[in-house]
Amino acid sequence: DQATEPPPSTNEKETFRSELSFLIHPFVFVVSIGPVDRLEAVCDAFRHAWKGYKDYAWGHDELKPISRSFGEWFGLGLTLIDSLDTMWILGLKEEFAEAKDWVKKELSFDKNVDVNLFETTIRVLGGLLSTYHLTGDQLFLEKAKDLGSRLMPAFKTPSKIPFSDVNIGKGTAHPPRWTSDSTLAEVTSIQLEFRELSRLTQDPQYQEVVNEVMKLVHKLPGKQDGLVPMFINTNSGQFTHKGVYTLGARADSYYEYLLKQWIQGGKTEDDLLEDYLQAVEGVKKHLVRQTGVSKLTFVGELSHSRFNPKMDHLVCFLPGTLALGAHNGLPGDHMDLAVQLMETCHQMYKQMETGLSPEIVHFNLQASDGQDVFVKLADRHNLLRPETVESLFYMYRFTKDTKYRDWGWEILNSFNNYTKVPGGGYTSINNVRDPVNPGPRDKMESFFLGETLKYLYLLFSDDMELLNLDKYVFNTEAHALPIWPSPPK
C-alpha cells in the first residue's frame, strides 16, 4: 500500500530546496525576507522552548520553566512525543535524533499508571503515528501498536462508550472518580488515530470500537439541530446534562472530527457528513451572534434555551475547520462564517494589553456601550493555546491573504514578549490584561511545541506541499495523518 510508505526523503528535499533557493535565485532575498525571517523566528522559539525542556524536564511530561523543574501527568514523556513531528517539519535534525533515541531506549508503556484515553490518544498515539508517516521509521509504528493495544480496555463498558481513564499496565479502565459520565469530545475525538492504526496494522479491532461510538452518537436522542450535549453515560450510552450546548471545552473536537473522519476516509461515510452539516446549521441557528458595537461575529453557548455570549479560546478552532470543509466542497457560506469568526479570534488577541488572548471572553450584545469584549478576572489566563494560529494556517492556505500571516506574526511576537522564560522554555500566564505583571504560571503545555509552533511554521512556509491539505488531515493535536486512497469504484 503506497500510502503507508511515505518517502522519507521528501522533507529533506524541501529543506534543501529552501536552503539552496538563495544560491539559485539571489533576488529571493528581497522577495522572501519576511517569510524567511519568520520561519527562522519559529525555529528559534522552538529551540528556546526545547532547551528548557531538555535542561530541566527531559523525558518527563511537562516543563515548569520558572522553577526549572518538571510536572508529571502520565509519565510518558508527553512533551517529547508531542514535539517529534514538529522537529521533523522544522528540520531540527539533531534535536529529533536525540528525542528518537529516548523513544527507542526509554519509552515504555508497561507501567502501572492511569492515563486519560483522549489525551493519550491525541498526543502520544497521534504523535507516534504522525512521526511514523513523516519519517517512515518503523520504531514509531511499533510503539504506536503497543500503546493502541493497551488503550483497548477502555472500550469494555456496558454501552461501548469508552471510560475516560485506562491503566495501561494493568489493562483496567474506569470513569473519573466523581461520575460515570465520559465527556462527549473525548469519546468522539479518538477516531482518526484508532482508524489509522487499524489501517496500518490490518487489524480491524481499533477501527471497530471507535466507529461503534460514532454510530451510537449518530442516532442518540437529545441533540438540538445537530448540536450535542457535553456528557454521555458509559452505562446507559445516553446523553446526560442535556440542554447545554457549546463549541468550547468538552464538545469542541466532536464537530472537528465529524468533518475530518469524512475527509480521512475518502469522503465515503455519509453519516459523518450529514452530522457535520447539520451541526454547522445548528451553530448558525442557535449560537452565532454579533456584538452590538463593532458587529463582531462570535459563537456563544446555549443553556436550557438561554443564550450566553461566552466564547472559549478553544472555539477558535472553528474558522479553520469551516474553511477546511469549504475547501472540500461544502457550502460557500461555511467559508463566509470562517472569515468572520477569524476576525473575532484575531480581536481576542488584539484587544488585550499583552496581545495574547484570554482563555474565555464574554461579548457585549448592546450597541450603547463602547466595548465589544469583556474578560472576567478568572478567565484572564493564557495557556499558550494553538487554536487561533491553527485557523490562521488554514485561512492562509485557502485564501493566500497575507493578513493571516501578519496576525500570526503578531501572536508569535506577543508570546516572545510576555511568555518567554530567559533560562529556556515558555510559560502560561495569569493575566493577559497586565503587560507589567502578566503573572507567569510556571507551566509549558506540550501542545505549545506540538501545535502552536508547528502551525505558526506552516503558516509562514511558502511550501504548499509541506503537509498538503489534500493529502493529510491533522488530528486535534496537530499530528498529520494521511488521507486514505479512495477505494476502487
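Modeller: Here are the model's ground rules, and then the answers to your questions.

Modeller: This is a predicted model, in which local features need pLDDT of at least 70 and side-chain atom pairs count only at pLDDT 80 or more, while totals for chains, interfaces and linings use all residues. Residues are numbered from 1 along each chain as its sequence is written, and side-chain values use heavy atoms, with hydrogens and water left out.

Colleague: Start with Y245. Which element is it in?

Modeller: Y245 is in strand β9, residues 244–245. Helices (H or I, at least four residues) and strands (E, at least two) are DSSP runs, numbered from the N terminus.

Colleague: Is Y245 buried or exposed?

Modeller: Y245 counts as buried because its relative accessibility is 5%. Buried means under 20% relative accessible area, exposed over 50%, and partly exposed in between, with a 1.4 Å probe and protein chains only.

Colleague: What does Y245 touch?

Modeller: Leaving out residues up to four places away in sequence, Y245 touches G222, K223, Q224, L227, V228, P229, L287, E301 and L302. Contact means heavy atoms within 4.5 Å. For G222, the backbone oxygen is 3.1 Å from a polar atom of the Y245 side chain.

Colleague: Switching to rings. How many aromatic pairs does the structure hold?

Modeller: There are 21 aromatic pairs. Rings of Phe, Tyr and Trp (its six-membered ring) pair if their centres lie within 6.5 Å; planes under 30 degrees apart count as stacked, over 60 as edge-to-face and the rest as tilted. One of the pairs is F393 with F474, edge-to-face at 5.9 Å centre to centre and 85 degrees between the planes.

Colleague: Why does the pair of F393 and F474 tie parts together?

Modeller: F393 lies in helix α14 (residues 387–399) and F474 in strand β17 (residues 472–474), so their pair joins parts 81 residues apart in sequence. Both F393 and F474 are buried. Ring pairs also link these two with Y394, F398 and Y455 into a cluster.

Colleague: And what is the geometry between Y404 and W407?

Modeller: Y404 and W407 pair edge-to-face, 5.5 Å centre to centre with 90 degrees between the planes. Both lie in helix α15 (residues 403–418), three residues apart, about one turn of the helix. Y404 counts as buried because its relative accessibility is 3%, and W407 is buried with a relative accessible area of 10%.

Colleague: Which charge sits over the ring of F307?

Modeller: The charged end of R289 does, 3.9 Å from the ring centre. The rule is NZ of Lys or CZ of Arg within 6 Å of the ring centre and within 35 degrees of the ring normal.

Colleague: What lines the largest cavity?

Modeller: Its lining residues include L247, Y255 and L337. The largest share, four residues, comes from α11.

Colleague: How much space lies in the largest pocket?

Modeller: About 1,100 Å³. Its lining has 43 residues, with W73, F118, E119, R123 and E186 nearest the centre. Helix α5 gives the most to that lining, with four residues.

Methods: Polar contact = N/O pair within 3.5 Å; in protein donor to acceptor, adjacent residues only side chain to side chain. 1 Å grid on protein atoms, 1.4 Å probe; cavity = no way out; pocket = protein on both sides within 12 Å on 5 of 7 lines; lining within 4 Å. Points joined across faces, edges and corners; volume = space filled by probe spheres on them.
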